[in-house]
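Here are my notes, one point at a time, to read with the model open beside you.

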There are 2 protein chains.
Amino acid sequence: MKSGNEELKEGDYVWGITGWEDYSWNFDPHKLLTKIHITDDVPLSYYAGILGMPGLTAYVGWTEMGWAKQGEFVYVSSAAGGVGHLVGQFAKMLGCYVVGSASTNEKVHLLKTKLGFDDAFNYKEGDLRSNLNKYFPRGIDIYFDNVGGEMLDEVLKQMNINGRIVVCGMISQYNLSEPKGIQNLFSVITKRLSLRGFSEADYRNMYPEYAEWVVKKMHENKLVYVEEVIPGLENGASAFVGMFHGHNIGKRVVAVAKES
Amino acid sequence: MKSGNEELKEGDYVWGITGWEDYSWNFDPHKLLTKIHITDDVPLSYYAGILGMPGLTAYVGWTEMGWAKQGEFVYVSSAAGGVGHLVGQFAKMLGCYVVGSASTNEKVHLLKTKLGFDDAFNYKEGDLRSNLNKYFPRGIDIYFDNVGGEMLDEVLKQMNINGRIVVCGMISQYNLSEPKGIQNLFSVITKRLSLRGFSEADYRNMYPEYAEWVVKKMHENKLVYVEEVIPGLENGASAFVGMFHGHNIGKRVVAVAKES
């Protein structure tokens, strides 16, 4: 079958957004499909994670939106998720002080040990304000927001002057009939904050540079990628819903078929 | 009396934030006082407006925060206010399509005639959504926000992809016991928006360049400045409170004493 896209030949592997299906066909050839250059030591599943959309999201969000400087105080929510655990490590590479929050003590332990976060906390234990005060006694310079809602509202009060909020996700809000109202936006003025949203799809030109860099970092053991492969399309729905309950650790991938 | 600031000599005029008083003394010499270089044809009151904090606010907000391009659709709320009426004219100079909102038909008329806005509406007539749909059938690229609250929330839904919101003021919120919750921040992600707050105090180094430029524009009749001078410190409180009811047109200045 012909791809209709001159850059893709029969037999090529691609990554991109497809349906939940065993086979995908009848693509719009102008859809964002990125060719995979197979290398021996990277599993194909990585192209649904660190070498795909979530990885580029973390990279673009961190490098293009955060304007981070060495020594700044960085907070990542949903820090053990597919994007968050990469962002925290990118921030550490730059020399920032990085604290993450997650929904279980197991994840908090992972963040503080294997993933090298300076600190981490379980946001379900204690109230948000006390936790943020405790882990950021000198305030937050950069907040990488994956959750929105109540957390974003409280963080707005704890940001430092000229702070930056990278608005990457709002997982706390996706299943609400009415979004929570954010009351502390006046901090944007008093603290000269920026809030920026983005889509990695606008930065696909950065992908080759990113992919080369990130594979090198993994080979040098300077970056840990956490994925959780769930076999079988028939388990896709429960795997997806589980994410809203914080069941995933790292990037959750549903494997439709084994690599050939 | 000595100023304690080497750049200021006895008899100099300055602009800056002082108390509500006939005479100001005992200043922290490191406070932000900017020296006035008296010129013949600019009234001293202008240094409380177009040649002072509000003018530099409009200029910095527009030039540094909005990243505007020719032909973009710009919305200014509180457009007949001290900052808004300047921002709208700056946007027109760049070749943007500019619509302002204000609280009376008299102000709307002023915006559309003397101040050269492409269009303007009275936000108290009709509902916000219908007004924005009507005046921005192709969406909003830049929103210069002076009011916050319900207006900001509705505008978030009407912004275009890659839109920018310059968060300058939130006058609708200042006197509420509890701020209105903003529910449409998810648009920041879906539309890749930026929201940016700022303080002109961080950009005082731009003041000389700005002051020279803006005086030239006024002399060339390419910029109209609207001020309303209210004589007598005893009228200061009512003049101030009146602003929250939309009574001011342009910059409202309370004159403590006449120019000598």
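1. Start with helix 1 and helix 2 of chain A, which cross in a right-handed way. Keep in mind throughout that this is a predicted model. Helix 1 covers residues 53-65 and helix 2 covers residues 84-93; they pack at about 40°, and their axes are 9 Å apart. That angle makes helix 1 of chain A oblique to helix 2 of chain A. On the helix 1 side the contact is made by A:Gly55, A:Ala58, A:Tyr59 and A:Trp62, and on the helix 2 side by A:Leu86, A:Val87, A:Phe90 and A:Ala91.

2. The other pair to look at in chain A is helix 4 (residues 128-135) with helix 5 (residues 149-158), whose axes come within 10 Å and cross at roughly 45°. Helix 4 of chain A and helix 5 of chain A are therefore oblique to each other, and their crossing is right-handed. Helix 4 of chain A brings A:Leu128, A:Arg129, A:Leu132 and A:Asn133 to the contact, while helix 5 of chain A brings A:Glu150, A:Met151, A:Glu154, A:Val155, A:Lys157 and A:Gln158.

3. Now the corresponding spot in chain B. Helix 4 (residues 128-135) and helix 5 (residues 149-158) of chain B pack at about 45°, with axes 10 Å apart, which makes helix 4 of chain B oblique to helix 5 of chain B. This crossing is right-handed too. If you want to click through the contact, B:Leu128, B:Arg129, B:Leu132 and B:Asn133 of helix 4 meet B:Glu150, B:Met151, B:Glu154, B:Val155, B:Lys157 and B:Gln158 of helix 5.

4. Helix 3 of chain A (residues 105-112) has a buried side, made of A:Lys107, A:Val108, A:Leu110 and A:Leu111. These residues cover an arc of only 160° around the axis, which puts them on the same side of the helix. Do note the lysine in that buried set. The packing partners are strand 4 (97-102) and strand 5 (119-122) of chain A. Turned away from the buried side, the face of helix 3 of chain A carries the exposed residues A:Glu106 and A:His109.

5. How do the two chains relate? Chain B can be laid on chain A by a turn of 180° and a shift of 0.0 Å along the axis, giving an RMSD of 0.0 Å. That is the relation of a two-fold axis. In chain B, B:Gly181 has the C-alpha nearest the axis, at 1.8 Å from it. As for the interface, 100% of its residues in chain B are also interface residues in chain A, so the copies meet through the same surface.

6. B:Phe198 deserves a click. This residue lies in the loop between strand 8 (194-197) and helix 7 (207-219) of chain B. Is B:Phe198 buried or exposed? Its relative accessible area is 7%, so B:Phe198 is buried. Leaving aside neighbours within four places in sequence, B:Phe198 is in contact with A:Val188, A:Ile189 and A:Arg192, and also with B:Thr57, B:Val60, B:Gly61, B:Met65, B:Val166, B:Val167 and B:Cys168. By contrast, the C-alpha atoms of B:Phe198 and B:Glu125 are separated by 31 Å, at 73 residues apart along the chain.

7. Last, some backbone angles to check. Most residues other than glycine have a negative phi. A:Ser78 is not a glycine, yet its phi is positive, about 50°. A:Ser78 sits in the loop between strand 3 (73-76) and helix 2 of chain A and is partly exposed, with a relative accessible area of 30%. A:Arg192, one of the contacts of B:Phe198, also has a positive phi, near 50°. A:Arg192 is in the loop between helix 6 (187-190) and strand 8 (194-197) of chain A.

Definitions and conventions: Residues numbered from 1 in each chain as written. Chains lettered and ligands numbered in written order. Predicted model: local features only at pLDDT ≥ 70, side-chain atom pairs only at ≥ 80, totals over all residues. Heavy atoms only, no water. Buried < 20%, exposed > 50% of the residue type's maximum accessible area, 1.4 Å probe, protein only. Helix = DSSP H or I, 4+ residues; strand = E, 2+ residues; numbered from the N terminus. Arc of directions from axis to C-beta. Contact = heavy atoms within 4.5 Å. Least-squares fit on C-alpha atoms with pLDDT ≥ 70 in both. Axes fitted to C-alpha atoms, helices over the stretch in contact; angles between N-to-C directions. Parallel < 35°, antiparallel > 145°, perpendicular 65-115°, else oblique. Left-handed = near helix turned anticlockwise from the far one by under 90°.
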